[in-house]
Amino acid sequence: PPPPLPPHTSAATDHAASSPSSSAAAASAAAAAGDGSALWAGRARPLRLSDSRCASRRLRSVGGGGDGDLVTVSHEALRALATHPLEQLVGRDAERSTYVLEVAASEVSAIGTQPAHSLAEIFDVEAHPHASTHVAQELLARLGKDVAAYAIDYSGKRTPQLLSLQPEDLAECVQKACLPGRRHDSLFGPSRLDTALKKLAELEKSLAELRERDDATATADVRRAVAVANCAPSASSSRDELAFALRQLAGHEARIRFPHLSVQLLSNGAEAALSAANPTLSPGRIDGLLQLVAVVMLRTSRRAFLAAAISDVRGLRDDLELKVLEQARLQEAAGRAQHQASAAQEQAKRSVLELQHRASALAARLTTRRFTV
């Protein structure tokens, strides 16, 4: 026959089992204490956060060692989750990426925001009567040095750009715009507009698929973490683990839920708190459990990055189609009235600049770095 269940460690529970009057006395004493313990008289308290002073935690990938190795994420995938959430799509080497290409900032001329090399290019106040004072001269000299230094620093930077949506691609999409019924592929293949729209559709699909995989993986990992924390009965369960599960069913042990586990990542006393909540968990098992919870939190927080990127992709696609359609109508009107040709050209320049800003913002979002979790 199985051994008898060990008695509960709470003194209040032991007295309650022996005498009803002692139970009432314990409840009244707890109520008098005013700490809310009357609610939990005769039952185990739920897992609570003891402090929030933990500044960082070191994560391990799959095969990191220990009897608590629950993480199934490779080193590269874990590094990407913790630093560049969308690197799985963009790739570590942006020059060989499917969607993003890094180019020198000085080469991105279509944005129209190249920095000035001198203060006079921004504003010239030399003719102002107050500009000849000593303070004004010192201030202008300092501003001039800052402007020149920024121009030198900017020219050496590299900025991410979307493949098939670089400045020259967008310029051709807008300048060669035609109405939908008159579009056709050239002798050399699809137009740049069709190529750009196809690339955006592929990017949106890839982002959505990654979100679905993250959702499925995170859901499974949450269930696994809760099962491990509560010693869910299995064929490999020990006698102590089965006894703990029975005490949970009897209401003598609090059930550990995922929110309880996630907040423990903020605590320096997480290991001690989990050990007190479930004494059958070994130190290695607790460490592996916290590692798994941290990976789940990284994966679920990546959902925010994916949602923002998908929204930007859809916005850029809709804006590109709208501006091309508007430009096609302006060009048709300019063909009938020559005085509208200049207006069509100005509108084309503005459309290219606006589209390039949106494309650059999307490329920056795809390569964004996570600094805090």
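These legends accompany several views of a predicted model.

**Figure 1. The overall fold of the protein.** The protein holds 12 helices and 2 strands. Along the sequence, the order is α-α-α-α-β-α-β-α-α-α-α-α-α-α.

Figure 2. The protein has 373 residues, and 37% of them are buried.

**Figure 3. Close-up of serine 164.** Most residues other than glycine have a negative phi. Serine 164 is not a glycine, yet its phi is positive, near 70°. Look for serine 164 in the loop between β2 (158-162) and α6 (167-175). Is serine 164 buried or partly exposed? Serine 164 counts as partly exposed because its relative accessibility is 21%, and buried means under 20%.

Figure 4. Cysteine 231 sits between α7 (192-229) and α8 (239-249), in the loop that links them. Its phi is positive, about 55°, although cysteine 231 is not a glycine. How much relative accessible area does cysteine 231 have? The value is 7%, so cysteine 231 is buried.

Key:
Residues numbered from 1 in each chain as written. Predicted model: local features only at pLDDT ≥ 70, side-chain atom pairs only at ≥ 80, totals over all residues. Heavy atoms only, no water. Helix = DSSP H or I, 4+ residues; strand = E, 2+ residues; numbered from the N terminus. Buried < 20%, exposed > 50% of the residue type's maximum accessible area, 1.4 Å probe, protein only.
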